[in-house]
Structure formats: C-alpha cells, structure tokens
Amino acid sequence: MAGADLKAQIASKAAELGFAAIGFTRAALPPERLAYLQEFLSAGQHGAMGWMAERVDQRAHPQALWPEALSVISLGFSYAPDYDALENLARPEVGNISVYARNRDYHDIIKGKLKHLAQFIAARGEGVKVFVDTAPVMEKPLAEQAGLGWQGKHTNLVSRVHGSWLFLGEIFTTLALAPDAPERDHCGSCTACQTACPTQAFPAPYKLDARRCISYLTIEHAGPIPEEFRSAIGNRIYGCDDCLAVCPWNKFAQAGREQKLAAREDLTAPLLAALAMLDDAAFRQTFSGSPVKRIGRNRFVRNVAIAIGNSADPALRPVAQSLASDGDAVVAEAGAWAGRRLNGKT
Ligand code: B12
Ligand code: SF4
Ligand code: SF4
C-alpha cells in the first residue's frame, strides 16, 4: 500500500491546482448507502431525473463502475461567495441566479484540474479515472468517508473549514492508498437549513424530496412548474442556495479564489424585465460557457416569468403580457399566470 509520502505529494499538487480539500478512501461504500438511495428512488423523490434510477449498482458500488479501482481520492473546490448569497431575495425586480452559476461552468473547470492531478498518478503507471457530478458516483458519501466533511441535514457535504460551499470531484485509481478517517456529523441540534427551505423539501433531516426542491424545479424540471410551488420560488430563476447559505458552519469559510467562478457583474442581480426579452440567440450569447446554458432559453424564460408573477411590480405587467403570447407554450402559460398574479387574480 502506498504510504504517507505519496499522499502528501498528491495533496500538495492538489493544493497547487486550487483544490481546497482532499481526502483518500477505499473504492467502496457501506450497504446503507444503497438502501438510502433505493428508498429515495422507490418513493419517486428523484422526480423526472430518470437517469438517477439507472446504473444504481454503479452508484452504490464504485467497483461496479470500475472493477480495478482500489482507492478514491475525493476533492473539494471552494466557491464560497464574498457576498450575502440571499441578498437578491429582497429585490423582486431582479432574478436570483444561484451562486454556483454566476459565471463559468464548474464542471469544465474542475474536470480540467482533476485531469491534471490524475496525470501525476498516471505517470507512476497507475490507472486513473476522473469524475465530477455527472457520472453514476455518490460523491457526497465518498467525500464524507474520505474525511472532507459530513452530509448535513440539507443532504449536502458540510466542511468545518469551508462550510457548505464545496464542489466535489473524484479520482478513482488502481493505486492502493491508505484511507483517511471519515468525518463525523456536526449538525447537532441545528435545524436552520430545514427551517429555511421555502418549499419544505426535506421530509426528514438528511432526506430530500427533489420534486419539491427549487433547484430541481428551476433546472431539471421540464414543462410547467406545478402551481403549488410557484409563489415559494420567489425570484429564484436558476437553482437555490437558501439551505446552504444559512448553515452556521459557513462562518469559517474563506471566499473561493477561482476568478472563473466569481460572479459576473451582469449576472449578479439581472433585471427580470431584461431577461424576459432574451430570444434564443441572445440567451446563448449571454450564457455561453455558463451552466445556465444547459437548460435552454425556454425553460429559463419560464422561470423568469414565474419570478415576474411574484414581483408584485405593476411596471412588469406589460412584460408578463408579452410573455403570455410567447411562441413556446410553457413560457406562454407561465407568462399568463404572471399577468393574472400581477392583476391580483391568482
Ligand atoms: C441529483 C442531484 C441533485 C438533485 C437531488 C439532490 C439530492 N440531495 O439528492 C437536485 C437537482 C435537487 C440537486 C440540487 C442541488 N445540488 Co446537486 N447533485 C445531484 C447529484 C447528481 C446526485 C446526488 C445523489 O446521489 N442523490 C441521491 C440521494 C439519495 O443521495 P444523497 O443526497 O447522498 O442522500 C443521502 C442522504 O439522504 C442519506 N440519508 C438518507 N437517510 C438518512 C438518514 C440518516 C439518519 C442519515 C445520517 C443519512 C441519510 O443517505 C443518502 C445516500 O447517501 C450530485 C452529484 C453526484 N454524482 O453525486 C450533485 C450534488 C450533490 N449537487 C450539488 C449542488 C451544489 C447542488 C445545489 C446546491 C445546487 C443549487 N445551488 O441549486 C442543490 C442543493 C439542493 C440540496 N439541498 O441537496 C453538489 C453538492 C456539493 C456538496 N458540498 O455536497 C454535488 C455533489 C455536485 C458536485 N459535484 O459538486 N442536486
Ligand atoms: S435548495 Fe432551496 S428548495 Fe432545495 S432544499 Fe435547499 S432550500 Fe429547499
Ligand atoms: S444548517 Fe445546521 S442542520 Fe443544516 S447542514 Fe448546516 S449545521 Fe447541519
């Protein structure tokens, strides 16, 4: 088994690349992770994310994804904001884009850095595979097991040093590395994240019903947003940070240093009236290189229409009216709803 020296070299290379946290663990998860995942899926809490129900075995067993893997190197990349992530919520004329999506797509940035770090290991003749977000990998349980933090009651990984603002990525390797000690739960009696959730998306601590989560509704959900959630969405037009932002462990977090993730000025507090006017070409241009681009113009403007409906701003009535005759049926329906709401009819 490779020892402390090699781990220290890998950790120092990771720090050079800008990773805020690193830990080492075996390429295996305990059986309760599979049980929790199955519970989540059988309750239908993944909603329309059908891909979550595929390759379940690989998610729960890293060696089912890659049989030769012996170790997992878990990495955390900080995107802690240097501003109050919730400040836009009191400004109904603007749209709130989640902290993570106010500039470049983190997948591209982190994958590049993971590949760089993996080359260092591959140079020793070992096999490596890198993952960030999209692969059938349970990134949070692996990170917890590698000692980066614990899965808080909001279900995300919380670090005592970096709070709730870490992106996760992994290097699977054929190298046998001594595992680090797992982190233990430090939530205690705190319930801040559960109380803060605008849509009561946590049926119990440590459990999320994605179908109720604003992140799911604004990013993953196609078609009309169910009416029961529309007013609670407020002006959150892409993702949601409420449960992360209220976590008391953030008070130790230093602001992330990656400039490509620092909020773009035009995406910090964009006016709803301007966003509503985006046609397909303008949407692509505005969100080129951004994670927002993935949801496409129609789903994005649908979200903007919901926020307009929640703005209580009579000056936005003509904008809602114009959206109500949009060529896309889902945008048009959301625009019509916004118009009715601004006229006090819903
Ligand atoms: C699907 C998904 C979503 C879905 C579902 C979220 C979810 N919690 O499952 C939606 C679209 C809602 C979503 C939203 C967000 N996501 Co997301 N998402 C994922 C993804 C692709 C898979 C997560 C997964 O496996 N879910 C399935 C459930 C069953 O697993 P779980 O969350 O680990 O659930 C565990 C607990 O419930 C626990 N459990 C169950 N019962 C009990 C009982 C007890 C007593 C205990 C102790 C534990 C326990 O066991 C389960 C299994 O480990 C990961 C990337 C990846 N490949 O891992 C990113 C990921 C989790 N997302 C991420 C982010 C940043 C977000 C958002 C903050 C984005 C935003 N600002 O809008 C929000 C946060 C919402 C929230 N509170 O979770 C980051 C989180 C980083 C971190 N520090 O944890 C990840 C890791 C992506 C990345 N590479 O950085 N996401
Ligand atoms: S991201 Fe927002 S909607 Fe989703 S669980 Fe957290 S607070 Fe609730
Ligand atoms: S807000 Fe409180 S309960 Fe939620 S994850 Fe943070 S410490 Fe845990």
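Start with two helices, H8 (214–220) and H10 (242–245): each of them supplies at least two residues of the shell around ligand 2. Bear in mind throughout that this is a predicted model.

Next, select ligand 2 together with its surroundings. The shell holds 13 residues, and the closest are Cys197, Cys213, Cys240, Asp242 and Cys243. Coloured by residue class, the shell around ligand 2 shows 9 nonpolar, 3 polar and 1 charged.

Now colour the protein chain by domain. The domain assignment gives domain 1 as 4–173 and domain 2 as 192–255 + 263–342. Their C-alpha centres are 25 Å apart. Where the two meet, 40 residues of domain 1 are in contact with 50 residues of domain 2. On the side of domain 1 that touches domain 2, the residues divide into 16 nonpolar, 16 polar and 8 charged.

Then select Val304, Ala305 and Ile308. These have the most contacts inside the largest nonpolar core, a set of 96 residues. Which domains give residues to this core? Domain 1 (4–173) and domain 2 (192–255 + 263–342) both do, so the core lies between them.

For the last stop, centre on Ile308 and hide its neighbours within four places in sequence. With those left aside, Ile308 is in contact with Leu272, Ala276, Leu316, Val319, Ala320 and Ala338.

Key: Residues numbered from 1 in each chain as written. Chains lettered and ligands numbered in written order. Predicted model: local features only at pLDDT ≥ 70, side-chain atom pairs only at ≥ 80, totals over all residues. Near = placed C-beta within 6 Å. Helix = DSSP H or I, 4+ residues; strand = E, 2+ residues; numbered from the N terminus. Nonpolar A, V, L, I, M, F, W, Y, C, P; charged D, E, K, R; others polar. Core = buried A, V, L, I, M, F, W, Y, C linked by C-beta atoms within 7 Å. Buried ≥ 20, exposed ≤ 12 C-beta atoms within 10 Å, placed from the backbone. Domains from an automatic or database assignment. Contact = placed C-beta atoms within 7 Å.
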